[in-house]
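Colleague: I am new to this structure, and I would like to learn how its features are read. Could you take me through a few of them?

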Amino acid sequence: MQVRIDDGDPTPPYEQLRRQLLALMHAGALAPEARLPPIRQLAADLGVAAGTVARAYRELEDAGWLVSRRGGGTRVATGAAPQSAASGVDLSEVTAAVHHARARGATATQIQATVDLALAAGPQ
């Protein structure tokens, strides 16, 4: 699982993490039943407070994307199907473009703004 926090992004770190985890679930990179790292481990890996990871997990759990059980960790919910598989549309090129943009230094906000502009332009 590859997630990162962009210190230059004005988006709060918990929201950056929530969005990235959701994107991974939408792309199928985090499949239903996949176990997520423990909160403290991911927080240490990302260099953020445990509360940041806990909030991202809690918001995804409240939205039905994750399930947590005491002693069982946090997993992707069984009903969390990838959007591309659920819709029958292959969005792998979009995912690849996002990874490419991140590799070139674009922030999540910049990528999101670009996608929003492309969507606002309407159908091609």
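**Reading burial, packing and pairing**

Modeller: Let us begin with Gln20, which counts as buried because its relative accessibility is 10%, and a residue is called buried under 20%. Please keep in mind that this is a predicted model.

Colleague: Where does Gln20 lie, and which residues does Gln20 touch, not counting residues up to four places away in sequence?

Modeller: Gln20 lies in helix α1, and, leaving aside residues up to four places away in sequence, Gln20 touches Gln2, Val3, Arg4 and Arg102.

Colleague: How is the packing of α1 and α3 to be read, and at what angle do they pack?

Modeller: In general, two packed helices are described by the angle between their axes and by the distance between those axes. Here helix α1 (residues 13-27) and helix α3 (residues 50-62) pack at an angle of about 45 degrees, and their axes are 8 Å apart. That angle makes α1 oblique to α3, and the crossing in which α1 passes α3 is right-handed.

Colleague: Which residues in α1 and α3 meet?

Modeller: On the α1 side they include Pro13, Tyr14, Leu17 and Met25, which belong to a set that meets residues of α3, among them Val53, Ala56 and Leu60. The residues of this contact between α1 and α3 divide into ten nonpolar, one polar and four charged.

Colleague: How many bridges join strand β1 to strand β2?

Modeller: Strand β1 (residues 66-69) and strand β2 (residues 73-76) run antiparallel and are joined by four bridges; Val67, for instance, has Arg75 in β2 as its bridge partner. Their hairpin has three residues between the strands, and in this hairpin Gly71 takes a positive phi near 80 degrees.

Definitions and conventions:
Residues are numbered from 1 along each chain as its sequence is written. This is a predicted model: local features need pLDDT of at least 70, side-chain atom pairs count only at pLDDT 80 or more; totals for chains, interfaces and linings use all residues. Side-chain values use heavy atoms; hydrogens and water are left out. Axes are lines fitted to C-alpha atoms, for helices over the stretch in contact, and angles run from 0 to 180 degrees between N-to-C directions. Helices (H or I, at least four residues) and strands (E, at least two) are DSSP runs, numbered from the N terminus. Angles under 35 degrees count as roughly parallel, over 145 as roughly antiparallel, 65 to 115 as roughly perpendicular and the rest as oblique. A crossing is left-handed if the near helix is turned anticlockwise from the far one by less than a right angle, and right-handed if clockwise. Contact means heavy atoms within 4.5 Å. Ala, Val, Leu, Ile, Met, Phe, Trp, Tyr, Cys and Pro count as nonpolar, Asp, Glu, Lys and Arg as charged, and the others, Gly among them, as polar. Buried means under 20% relative accessible area, exposed over 50%, partly exposed in between (1.4 Å probe, protein chains only). Two strands pair if DSSP finds at least two bridges between them.
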